[in-house]
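Hello,

Here is the structure I promised to pass on. Please open it first, then read the notes below.

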Amino acid sequence: MVVPHHPGGARLARHRLADELADVVPSTLLADLIAVLAELVGNAVRHARPLPGGVIRVAWRLRQSTDGALVQLCVTDGGAGTAPRLRTASLDAADGRGLHIVAGLASRWGVEQDGMGQRVWAEFEPTAAPPPSRPRLLTAG
């Protein structure tokens with residue numbers, strides 16, 4: 001799908017992904033996919049040039065295996081001066097944590113560049129999904 005190189009593009013991509021995969025993948029995986037896609041599109045809008053026509057290309061691929069669904073997300077933009085990379089952000093920094101979120105939720109991620117731009121991808125393996133979290137009891141002490 002193609003979305004505008006604008007903050008609203010992330011919303012369009014999230015809704016389309018949710019509509020297409022809601023009945024196909026577990027809800028916990030879907031939540032992770034939505035968070036990572038929003039981060040990748042947001043990064044493309046903030047840090048990269050658009051593709052011709054002022055757009056970003058967003059895609060996802062789903063392959064079923066005996067363990068569950070393997071999902072790959074891809075965001076293609078016009079590239080930037082530097083490739084996306086993990087940064088160390090101070091506690092007071094307003095940004096710089098997004099790719100840590102991607103790295104924490106995805107099984108793996110990477111960047112591919114060519115003469116026309118860059119493609120940032122993230123893959124989610126079915127066995128890599130963390131177990132459901134249990135609520136923690138907080139006690140005053």
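Helices (H or I, at least four residues) and strands (E, at least two) are DSSP runs, numbered from the N terminus. The expected span of a helix is 1.5 Å times one less than its number of residues. The model is predicted: local features need pLDDT of at least 70, side-chain atom pairs count only at pLDDT 80 or more, and totals for chains, interfaces and linings use all residues. Residues are numbered from 1 along each chain as its sequence is written, and side-chain values use heavy atoms, with hydrogens and water left out.

Start with helix H1, residues 7–21. Its 15 residues reach 22 Å from first C-alpha to last, close to the 21 Å expected. Gly9, Ala10, Ala13, Leu17 and Leu21 are its buried residues (under 20% relative accessible area, 1.4 Å probe, protein chains only; exposed is over 50%, partly exposed in between). They lie on the same side of H1, because they cover an arc of only 100° around the axis (taken from the directions from the helix axis to the C-beta atoms). Their cover includes strands S1 (2–4), S2 (55–65) and S3 (68–77), and helix H2 (27–47).

Next, the core. The largest nonpolar core has 28 residues (buried Ala, Val, Leu, Ile, Met, Phe, Trp, Tyr and Cys joined through side-chain atoms within 4.5 Å). Leu33, Leu37, Val41 and Leu73 touch the most other members. H2 gives the most, nine residues.

Last, the hairpin. S4 (residues 108–114) and S5 form it, with two residues between them. Seven bridges join these antiparallel strands (pairing needs at least two DSSP bridges). Val111 has Val120 of S5 as its bridge partner.

Best wishes

How values were computed:
Contact = heavy atoms within 4.5 Å.
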